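Open the structure in your viewer and keep the selection tool ready. Each stop on this tour says what to pick next and what to look for there.

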Amino acid sequence: MRRIYNESHPGAVDPANPEFNKQLTDIHAAAYARSHTVRNQADYELGVRAMGAAFNDGHAGTYPSRQLPKLTNYWTGFVLRSVNGELRVALREDGAAPPLDARLMSCDGIAADRLYEQRVGTYNPLFSLEARRARLGGRLLLQYGEPSLDDRPKRCIFQQGTESKSYDLTWRPHPDIGPLLTKAAQSFVAPIERRVLPDGTIWISAGTFNNIPGSDVSTRLANLVSSIEHDPSLRDAPRVVLDVRGNGGGDSLWSYRMAQALFGADYVEAVAPASEGIDWRPSSDNIAHFERLLEGWRKEAEPNTQSIEWVTKVLAGMKAAKASGATFWREIDAPRTKSSSALRSQYAGRAIVLVDGACGSACLDAVDVWKAAGAVLVGRETAADSLYMDVRYETLPSGMATLAIPTKVYRGRQRGSNEPYRPDHVWNGGMNDTPALEKWIVALP
C-alpha cells in the first residue's frame, strides 16, 4: 500500500499537503505493528480496515478482498440506530433485549460515545461527520468473525425515560445481518428510474452514478439520461426531483447531463462551480487504468461520446506530462461564456435534490451543479470527500485486499475538503419511506 501510494497517489507529491507523507509513514508503521497481533482472518480484516480508515478520506483506503471466505456475524439479539447523536435500540428479536428506543449509556464502564468511536470509528473514515455516525450505529454491537483478542462488550446500561437498567449481552451467530442493519438504519438505495407523480412532479431517481464499461448499471443510467434528454415535457413539470438516496458516487457526467436537459446547457455551463484547475498524477499505473477505461467505453453498444472525449483528453495530458518528467498534468476548464441569454434558466418550475448520508464523490458533484442552477436540497446531511478524487482500484499482491487510489487533486474547489452539504429542508423520518417523502416534498412551501 505504501509503495503504490508513493508511486500513484497525488498526495505523495502534493506541495499543498506537506503532511501527507508523514501520515503515510505513520499509518504504515501502525499497520506493521498491528500485523504482529494477527492470528486469523477476522484480525486481518480489521487491520486492513483500520489502515484504510486512518487516512480519513472516503477516496482512499484498503478493504478486505471479496474473494476471502465470508466471516460469521455475531450479534446480541438487537440492533442499534444513531438518532440525533444518541444510540437507541432500533429493532429486537430477543425478549431479553432492551426495549425499543432505549438509549445506550455505557458498556462495561465505557461511555457509549467512546465505545462507538473505538469499535466503529477506528474502522470507518470520516467518522466525525454526522452523516457517517448516523449510518453506522447498527455496527456497534456486532462482531465479524472471532478476533483473537475478544473485546466484545459483556454488560451494557440502557436508559428508557428516567429509568436505567443493566443488561447482560448474549452473543450468538447470525446468518445474514445485512438486511437487519439496513432496516435499523432506515436507509435506502434509490432505483434507476424516472416516473411521474399524480400532481405532475417528475421524479428522477439514481442510487448510483457508476459508469463501469459494459455493466448493467451503466446501461440503465444511459437509458435514463437519454430519456430525460429527449423528453419535451420535462421543463413543463411543476416540480422535478433528483432522488440520490444511497448514491455513493461514480461518474459526475450523468447528473451534469440531467442538469443540462432541465436547466439548459448554456445556463449550466455558466453557473456550475469551477475550480482553479485539476492536477492529475501521471504514473504508469494511473495511465494504464484510464487506457482500460477508454477501451471499455469504446466497446459499448452505444458509446458515450462525452465520456470518451473526456478520458481521451486526460490520457493525452497525462502521457505528455509523464514524457516530460512533470509531477502533474494540469487540467483547466475552458473559459466560460456568460452572456445574458446563458444566465437564464430554461426551467421555471421547482428543482429539488433529495440526499442522505450516503451522498459522496460524484453525488456531491451533482449537488454542486444542481444547487448552483437553483435547486433546493432536502433530506439529510450528506457525506463529504477530500480534494483527492477519481479513484482507481488495485488488488494488493496477496490477493487478500483491495486498495483505493485517487488519481487527481482539485485546486481551488469551492466546496472545501471533507465538507458536507446540509439540506435546506431536513427530513426526520426514515429515508426508506418513499411514499411519505413524496407527500412531504410536494407539500414543501
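The tour goes from disulfides to sheets, then to a helix and a single leucine. Keep in mind that this is a predicted model.

**Stop 1: the disulfides**

Show the cysteine side chains. How many disulfides are there by the distance rule? The count comes to 2. Counted along the chain, the bonded cysteines follow the pattern 1-2, 3-4.

Select C107 and C156. A disulfide joins them, with 2.0 Å from S to S. Look along the S-S bond: the angle about it is 105°, and the link of C107 and C156 is right-handed. C107 lies in strand β5 (residues 103-107) and C156 in strand β8 (residues 155-160), so the bond ties together parts that are 49 residues apart in sequence.

Next, select C359 and C363. Their sulfur atoms are 2.1 Å apart, and the two residues form a disulfide. The angle about this S-S bond is -105°, and the link of C359 and C363 is left-handed. C359 has a relative accessibility of 0% and counts as buried. C363 is also buried, at 0%.

**Stop 2: a sheet of six strands**

Switch to a cartoon view. Find the open sheet of 6 strands, in the order β11-β12-β13-β16-β17-β20. Its pairing is mixed. Strands of a sheet pair through backbone hydrogen bonds, either parallel or antiparallel.

Which strands stand at the edges? They are β11 (193-196) and β20 (425-426). Each has a single partner strand, so one side of each is left without a neighbour in the sheet.

Strand β12 (residues 202-205) runs antiparallel to β11, and 4 bridges join the two. Select R194 to see one position in this part of the sheet: R194 stands opposite I204 in β12.

Move on to β13 and β16. These strands run parallel, joined by 5 bridges. Pick V241 and look across to I352 in β16, which stands opposite.

Now look at β16 and β17. They pair in the parallel sense over 4 bridges. V353 stands opposite L377 in β17.

Select helix α12 (residues 362-372). The helix lies across β13 (239-243), β16 (350-355) and β17 (376-379). It runs at about 160° to β16.

**Stop 3: a sheet of three strands**

Find the open sheet in the order β7-β2-β10. It has 3 strands, and the pairing is antiparallel. The edge strands are β7 (143-144) and β10 (172-174), each pairing on one side only.

Zoom in on strand β2 (residues 73-75). β2 and β10 pair in the antiparallel sense over 3 bridges. Select N73: H174 in β10 stands opposite.

**Stop 4: helix α10**

Select residues 284-298. This is helix α10, with 15 residues.

Which residues of α10 are buried? They are N286, I287, H289, F290, L293, L294, G296 and W297. Show what surrounds them. The cover includes α1 (2-8), β14 (277-280), α11 (305-324), β18 (388-395) and β19 (401-411).

**Stop 5: one leucine, L87**

Finish with L87, which is found in strand β4 (residues 86-92). L87 counts as buried, at 3% relative accessibility.

Show the contacts of L87. Leave out residues up to four places away in sequence, and L87 touches L80, R81, S82, A102, R103, L104, A112, Y116, G137 and L140.

Now pick L140 from that list. L87 and L140 are 53 residues apart in sequence. In space they are 9.1 Å apart, C-alpha to C-alpha.

Technical notes: Residues numbered from 1 in each chain as written. Predicted model: local features only at pLDDT ≥ 70, side-chain atom pairs only at ≥ 80, totals over all residues. Heavy atoms only, no water. Disulfide = S-S within 2.5 Å. Buried < 20%, exposed > 50% of the residue type's maximum accessible area, 1.4 Å probe, protein only. Pairing = 2+ DSSP bridges. Contact = heavy atoms within 4.5 Å. Axes fitted to C-alpha atoms, helices over the stretch in contact; angles between N-to-C directions. Expected span 1.5 Å × (residues − 1).
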